[in-house]
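Subject: Structure handover

Hi,

Here is the structure for you to look over. My notes follow it.

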Amino acid sequence: MAAALALGARGRGRTAPNPNVGCLIVNGGRVVGRGWTQPGGRPHAEALALAQAGALAQGATAYVTLEPCAHESRRGPACAGLLVEAGVGRIVAALTDPDPRTAGRGLARLRAAGTDVVENVLADQARQSMAGFFTRQALGRPTVTLKLATSLDGMIARADGESRWITGGRARAHAHLERSRHEAILVGRGTWETDRPKLDVRLSGLEQRSPRILVLSSQGNVDGAEVIANVADIAELDGVDHLLVEGGAGAASAFLGADLVDRLLLYRAPILIGAGRAALSDIGLNRLDDAHGRWRLDDARMLGSDRLEVYQRQRS
């Protein structure tokens, strides 16, 4: 299942409105088929893996990170039906599909055909891997990652606005990798007009995965980018299940104040700036007690001399 999750991760940021599913088919201890959801959501992971496996799918075990779909579509057949037709003997699924068109019907169809079904294998990891799809299903909006690159004293720029560069090359490369895993990237109007950031992916081989550019502004159109007037408007973004908020302090604070941040990427450089521009402004915190228990450290690592910490929002 871990290998299937790694396959699914290849499609993250490219498959909306479908989830980035991975599928691995094993027969006789040998991998005979691999697949992951393709850009735009089709073909599905199971269809690709079955096509690769061919006749070797008969009696094999399929590891899939989400319940195979049960609904027919003009874009392709139901994966549960394809697995039955191929004679797959066992299905190991990480999660049940929350989409009401499937929601247990896919696994029920497989069981009815005599297929052995195992559920809830690496479920937490799968939910995190497909966070955009699950957030969209549960909350009706994309999952939001906020990226902050700061000095040790929490500054994102000198007082005069100079900010290039706070972090080093390895941290910036990692940030570009993160961009490639999101359908859209957003900055505030002030950042857009002052810095004129490219907001693209500048990693060899991933340039074509540059995200759609959004600017948060209540003042109308801006040159070269799509505008959203309010943070709540992200719910109306078609084809966006993963949104990366990259600056500046106003936009970051607006998303935090509205409790719309699900994941926080904190890149911290070993420098002190002193009098400078803080990473955040008011986020609507009324009491210090309210700040505790909201964030869980999910990962921490060194990127050259910079430290990356990844936090997940704790929600009931």
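Cys23 is buried, at a relative accessible area of 1% (buried means under 20%, exposed over 50%, partly exposed in between, with a 1.4 Å probe and protein chains only). Cys69 is buried too, at 5% relative accessibility.

A caution on the source: this is a predicted model, where local features need pLDDT of at least 70, side-chain atom pairs count only at pLDDT 80 or more, and totals for chains, interfaces and linings use all residues. Residues are numbered from 1 along each chain as its sequence is written, and side-chain values use heavy atoms, with hydrogens and water left out.

Eight strands form an open, mixed sheet in the order S10-S9-S8-S11-S6-S12-S15-S14. Strands are DSSP runs of E, at least two residues; helices are runs of H or I, at least four; both are numbered from the N terminus. Two strands pair if DSSP finds at least two bridges between them. The edge strands are S10 (226–228) and S14 (295–303), each pairing on one side only. From one strand to the next, the twist averages 25°. Axes here are lines fitted to C-alpha atoms, for helices over the stretch in contact, and angles run from 0 to 180 degrees between N-to-C directions.

S14 and S15 (residues 306–313) run antiparallel, joined by eight bridges. Trp295 stands opposite Arg313 in S15. Helix H7 packs on the sheet, touching S6, S8 (184–188), S11, S12 (263–268), S14 and S15. The direction of H7 makes about 160° with that of S12.

His174 lies in H7, which spans residues 169–180. His174 is buried, at 14% relative accessible area. Beyond its neighbours within four places in sequence, His174 is in contact (heavy atoms within 4.5 Å) with Tyr267, Arg301, Leu303 and Leu308.

Last, helix H6 (residues 131–139). Its buried residues include Phe133, Phe134 and Arg136. The buried residues of H6 pack against helix H5 (123–129), S6 (143–150) and S11 (242–247). Just after H6, Gly140 takes a positive phi of about 75°.

Best wishes
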